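Biologist: I would like to learn how to read a model feature by feature. Where do we begin?

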Amino acid sequence: PLYNEEESIKPLYDELLRELDNYKFEIIFINDGSFDSSSDIIKRIIQTDSNVHLIELYKNYGKSAALSEGFRYCKGDYIVTLDADLQDNPSEIPALLEMLDSVEVDIISGWKKDRKDPISKRFPSKIFNFFTRLFSGIKIHDFNCGLKVYKKKVVKSIDIYGGMHRYIPVIAKQKGFITSEKI
C-alpha cells in the first residue's frame with residue numbers, strides 16, 4: 001500500500017528487484033488515493049516490467065482497504081506485504097520466505113526494532129502491542145509492522161476493513177492459522 005510516496009517508489013522498486021532476483025514474483029502497488037505523482041511513477045515502471053501491477057483507489061480508504069484489494073488480486077503462493085515508505089527493509093524478504101517455507105506457520109511478522117516514527121506514535125504503539133499480545137496470546141513485538149509474509153491460504157480467507165490490518169495475526173489465529181515472529 002502507498003499514499004503520496006513519490007519519493008520512495010523508485011528506490012523501493014530497485015531494492016525489491018535486487019532482493020527478489022532469484023524468485024518468481026509480482027509486485028502490486030496499491031495506491032490509496034495519492035494526489036502526488038505516485039501513480040505516474042508506477043505506470044512508467046509498468047511499461048518496462050510486466051511483473052509490476054497497480055491498483056488505484058480513487059480516494060484514501062486506508063491501509064486495510066488497500067491490503068484487502070491487494071489480497072484479492074495477488075496470485076502467488078506466498079504474499080509479502082510492506083509499506084512503500086521505506087521503513088521496512090526489503091533485504092529481509094528472502095529470509096522471511098525461507099522461514100515460512102521451512103517452519104509450520106502460516107504468517108511470519110517482521111519487527112521494526114528501530115522505528116523512525118516520533119515518540120507520539122511509538123508510545124501508543126507499545127501500549128497497543130502489549131495489550132494485543134496479552135489478549136490474543138500471540139507473541140509478536142510489533143503488530144503494526146507492515147512487513148509480513150503469508151501463505152496464500154491466509155490472505156484468501158480473511159476479510160479486513162476499517163483499521164483491522166493491525167489485527168491480521170489475531171484474525172488469522174481465530175481462523176486456525178499459526179502466526180510467528182521473525183526469529
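Modeller: We go from the overall fold to salt bridges, cysteines and the surface.

Modeller: This is a predicted model: local features need pLDDT of at least 70, side-chain atom pairs count only at pLDDT 80 or more, and totals for chains, interfaces and linings use all residues. Residues are numbered from 1 along each chain as its sequence is written, and side-chain values use heavy atoms, with hydrogens and water left out.

Biologist: How many helices and strands does the protein chain have?

Modeller: Helices (H or I, at least four residues) and strands (E, at least two) are DSSP runs, numbered from the N terminus. The protein chain has seven helices and six strands. Along the sequence they follow α-β-α-β-α-β-α-β-α-β-α-α-β.

Biologist: What does the radius of gyration of the protein chain agree with?

Modeller: The radius of gyration is taken over C-alpha atoms, and the globule rule is 2.2 Å times the number of residues to the power 0.38. For 183 residues, a compact globule would be near 16 Å; the protein chain has 16 Å, which agrees. Its C-alpha trace spans about 45 × 40 × 30 Å along the principal axes.

Biologist: Which residues of helix H3 are buried?

Modeller: Buried means under 20% relative accessible area, exposed over 50%, partly exposed in between (1.4 Å probe, protein chains only). In H3 (residues 63–73), the buried residues are Ser64, Ala66, Leu67, Ser68, Gly70 and Phe71. Their cover includes strands E1 (27–32), E2 (52–57), E3 (78–81) and E5 (148–151), plus helices H6 (152–155) and H7 (168–174). Contact here means heavy atoms within 4.5 Å. Across the protein chain, buried residues make up 48% of the 183.

Biologist: How many salt bridges are there?

Modeller: Side chains of opposite charge can pair when their charged atoms come close. The rule asks for a side-chain nitrogen of Lys or Arg within 4 Å of a carboxyl oxygen of Asp or Glu. The count is six. One of them joins Glu69 and Arg72, 2.3 Å from N to O. These two are three residues apart in H3, so about one helical turn separates them. Glu69 is partly exposed at 26%, while Arg72 is exposed at 54%.

Biologist: Which parts does the salt bridge of Asp106 and Lys153 tie together?

Modeller: The closest N and O atoms of Asp106 and Lys153 are 3.4 Å apart. Asp106 is in the loop between helix H4 (93–102) and strand E4 (107–109), and Lys153 is in H6, so the pair ties together parts 47 residues apart in sequence. Asp106 is buried at 7%; Lys153 is partly exposed at 48%.

Biologist: Why is Cys74 too far from Cys145 for a bond?

Modeller: A disulfide is a pair of cysteine sulfur atoms within 2.5 Å. The sulfur of Cys74 has its closest cysteine sulfur in Cys145, 18 Å away, so a bond is out of reach. The disulfide count is zero. Cys74 is buried at 8% relative accessible area, and Cys145 is buried at 4%.

Biologist: Which residues make the nonpolar surface patch?

Modeller: Patches are made of residues with over 30% relative accessible area and no salt bridge: like charges are joined within 9 Å, nonpolar side chains (Val, Leu, Ile, Met, Phe, Trp, Tyr) within 5 Å. Areas come from the Shrake-Rupley method with a 1.4 Å probe; for residues, only the protein chains shown count as cover. Ile119, Phe123, Ile127, Phe130, Phe131, Leu134 and Phe135 make a patch of about 780 Å². Ile119 sits in helix H5 (residues 119–136) and is exposed at 57%.
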